[in-house]
Amino acid sequence: FRSGLDEEDDPSLRTAAQEQAASLSPFGPADAYRYFARRAKRAADGTAIGVTRVKLTPDGYGGIEVLVASASGFVSGTQGDPETDLGAIHATLERNAVPKGITLTTASATALSLGYAATLWVNETLALDDDQITAAVNARLSPLVSSMPIGGVILAPADGKVYVQALEAAVTDALPKGTLLNLTTTTPAADLDVTSNQAPVFGGPAVLLIHRVAA
């Protein structure tokens, strides 16, 4: 039982299994940092802190910065105080992942709240009312956005972004196949830029204008 946290889904469990294997290496591979950061626990009560995203940035001089984020973005505390969430993560990494001679800096990402608004045209045969449609869309968008990497999705040569196309795909998947006839996203109006230290989070609920169209 993990207080206040949802059960891990299958993709998360597969990632954890892969990272766990790497965590056994004495050479401090990237997956070791990710594995132990995600499983760091609070010193006071042993509850999971809930890190969902980890970004590693070596400085080229024997140091590495580990940025962490939760589903809600920010992780509170300071790296020097193990009684805080960030400090507990830092201490866990120092014990389990950092090789000798490496200087570790542990910091929290900054939350980037993302709202979503759209106009939907749906088949009038769809047996969901507007509130149910909105709830289904929220249930897809929230985990999608909160799992996006720190710094956004990078499709080189572009910098990190939240892509509108990805959001629209989630909205489409939220409704029974063939019932969504058209979709126009109004917020965000374009692909959203994400800086290197930002973690996207869903600032819902979605605002939807829904039109029903005769078959």
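This is a predicted model: local features need pLDDT of at least 70, side-chain atom pairs count only at pLDDT 80 or more; totals for chains, interfaces and linings use all residues.
Reader: How many nonpolar, polar and charged residues does the contact of α4 with α5 have?

Author: On the side of α4 the contact is made by Ala-136, Val-137, Arg-140, Leu-141, Leu-144 and Val-145. On the side of α5 it is made by Ala-166, Leu-167, Ala-170, Val-171, Asp-173 and Ala-174. Arg and Asp count as charged, whereas Ala, Val and Leu count as nonpolar. By class, the contact therefore has 10 nonpolar, no polar and 2 charged residues.

Reader: In which handedness does α4 pass α5?

Author: The helices α4 and α5 have axes 8 Å apart, and their crossing also has a hand. The crossing in which α4 passes α5 is right-handed.

Reader: Is Thr-106 buried or exposed?

Author: Thr-106 is found in strand β3, which runs over residues 103–108. Its relative accessible area is 4%, and a residue counts as buried when that value is under 20%. Thr-106 is therefore buried.

Reader: Which side chain is joined to that of Thr-106 by a polar contact of 2.7 Å?

Author: Leaving aside neighbours within four places in sequence, Thr-106 is in contact with Val-66, Gln-79, Leu-86, Ile-89, His-90 and Leu-93. The polar contact of 2.7 Å joins the side chain of Thr-106 to that of His-90.

Reader: What separates the C-alpha atoms of Gly-152 and Leu-192?

Author: Gly-152 is found in the loop between α4 and β6, and at 4% relative accessibility this glycine counts as buried. Not counting residues up to four places away in sequence, Gly-152 touches Gly-160, Lys-161, Val-194 and Gln-198. Leu-192 is 40 residues from Gly-152 along the chain, and the separation of their C-alpha atoms is 9.0 Å.

Reader: What percentage of the residues of the protein count as buried?

Author: The secondary structure of the protein comes to 5 helices and 10 strands. Of its 215 residues, the share that counts as buried is 41%.

Definitions and conventions. Residues are numbered from 1 along each chain as its sequence is written. Side-chain values use heavy atoms; hydrogens and water are left out. Helices (H or I, at least four residues) and strands (E, at least two) are DSSP runs, numbered from the N terminus. Buried means under 20% relative accessible area, exposed over 50%, partly exposed in between (1.4 Å probe, protein chains only). A polar contact is a pair of N or O atoms within 3.5 Å; within protein, one must be able to donate a hydrogen and the other to accept it, and residues adjacent in sequence count only if both atoms are side-chain atoms. Contact means heavy atoms within 4.5 Å. Axes are lines fitted to C-alpha atoms, for helices over the stretch in contact, and angles run from 0 to 180 degrees between N-to-C directions. A crossing is left-handed if the near helix is turned anticlockwise from the far one by less than a right angle, and right-handed if clockwise.
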